[in-house]
Amino acid sequence: MSRQFFVGGNFKMNPATQEQKRSLVKVLNEATIDPSVEVVLAPPAIYLLTLKEILRKEIKIAAQNCYVKASGAFTGEISPAQLVDADIPYVVLGHSERRTLFHETSALVAQKTRVAIDTGLSVILCVGETLEEREAGRTAQVVEEQLKPVIELLTPKDWSKVVIAYEPVWAIGTGKVATSAQAQEAHANIRSFLGKAVSAAVAESTRIIYGGSVTASNCKELATQPDVDGFLVGGASLKPEFVDIINAKK
Ligand code: PEP
């Protein structure tokens, strides 16, 4: 089965101004984009609706986070039900910045994934090891520990709503990209783990994308790897080179 190439842009808490946002949209709207690629942009919550209005319709929108409740006294949180009501199809969950800076555990990320899917969202689920964990030879173990609570809460059918983003923490925002061999090895391990822990069909069909200092100059090589089904892009998604990353397979 062939997996549709997927490129996500994670704006994080950028851009700083409406003007910067508009110029990014202009670049994307005027670019020639490979129509076979699924492209999803995750802007800050305040831009979700305006970006959806002004961006070309082939590009989908994702929230960068959501909560486990539909509504109520949860000041500052983002409701999955409100995202669905606003026709936002995706949410990023478990980004390393959420895990580290906002102390989100793998159990909470799994619960959020369950609720997001129940509510009607698709999930970009981020996993990845720190440099210390990699150097201790624990990459596969750490990633499996992050995936296990999610696997426990999802049925095999739910996995059609999940894209796994393998994002080594040491590569995020550092300029230190994983080599294509390192990415391929980690992705193949994740796929094999899905095969054992869920099913062969889910392992075969689930997209596993790479994130961590992807740029226009390293994306083509990474995209040649058989288990790299796309990218989650932070810094470079704010630049015109994001178009080259979307077109990495061309
Ligand atoms: C990210 O934020 O998910 C990310 C991969 O960032 P960057 O591309 O800047 O490393």
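**Core, helix contact and loops**

Tutor: The model is a predicted one. Its largest nonpolar core has 69 residues. Those with the most contacts inside this core are Ala-62, Val-91, Ile-124, Leu-125 and Ile-245. Take Leu-125 from that list: neighbours within four places in sequence left aside, Leu-125 is in contact with Leu-93, Gly-94, Thr-113, Val-150, Val-162, Ile-164 and Ala-165.

Next, a pair of helices. Helix H7 spans residues 139–153 and helix H8 spans residues 180–197. Their axes are 10 Å apart, and the two helices pack at an angle of about 40 degrees. H7 is therefore oblique to H8, since angles under 35 degrees would count as roughly parallel and those from 65 to 115 as roughly perpendicular. The crossing of the two is right-handed. On the H7 side the contact is formed by Thr-139, Ala-140, Val-143, Glu-144, Leu-147 and Ile-151. These meet Ala-186, Asn-189, Ile-190, Phe-193 and Ala-197 in H8. By type, the residues of this contact divide into eight nonpolar, two polar and one charged.

The loops hold some backbone details. Most residues other than glycine have a negative phi, and most peptide bonds are trans. The loop between strand S1 (6–10) and helix H1 (18–30) contains Pro-15, which is joined to Asn-14 by a cis peptide bond with omega of about -5 degrees. Lys-12 is also placed in the loop between S1 and H1. Its phi is near 50 degrees, a positive value in a residue other than glycine.

His-103 lies in the loop between helix H4 (96–101) and helix H5 (106–119). With 8 C-beta neighbours inside 10 Å, His-103 counts as exposed, because the limit for that class is 12 or fewer.

One further loop residue is Lys-69, found between strand S3 (59–63) and helix H3 (80–85). Lys-69 has 13 C-beta neighbours inside 10 Å and so counts as partly exposed. Along the chain, Lys-69 and Thr-119 are 50 residues apart, while their C-alpha atoms are separated by 9.9 Å.

Terms used:
Residues are numbered from 1 along each chain as its sequence is written. This is a predicted model: local features need pLDDT of at least 70, side-chain atom pairs count only at pLDDT 80 or more; totals for chains, interfaces and linings use all residues. A nonpolar core is a set of buried Ala, Val, Leu, Ile, Met, Phe, Trp, Tyr and Cys residues joined through C-beta atoms within 7 Å. A residue is buried if 20 or more other C-beta atoms lie within 10 Å of its own, exposed if 12 or fewer, and partly exposed in between; C-beta atoms are placed from the backbone. Two residues are in contact if their C-beta atoms, placed from the backbone, lie within 7 Å. Axes are lines fitted to C-alpha atoms, for helices over the stretch in contact, and angles run from 0 to 180 degrees between N-to-C directions. Helices (H or I, at least four residues) and strands (E, at least two) are DSSP runs, numbered from the N terminus. Angles under 35 degrees count as roughly parallel, over 145 as roughly antiparallel, 65 to 115 as roughly perpendicular and the rest as oblique. A crossing is left-handed if the near helix is turned anticlockwise from the far one by less than a right angle, and right-handed if clockwise. Ala, Val, Leu, Ile, Met, Phe, Trp, Tyr, Cys and Pro count as nonpolar, Asp, Glu, Lys and Arg as charged, and the others, Gly among them, as polar.
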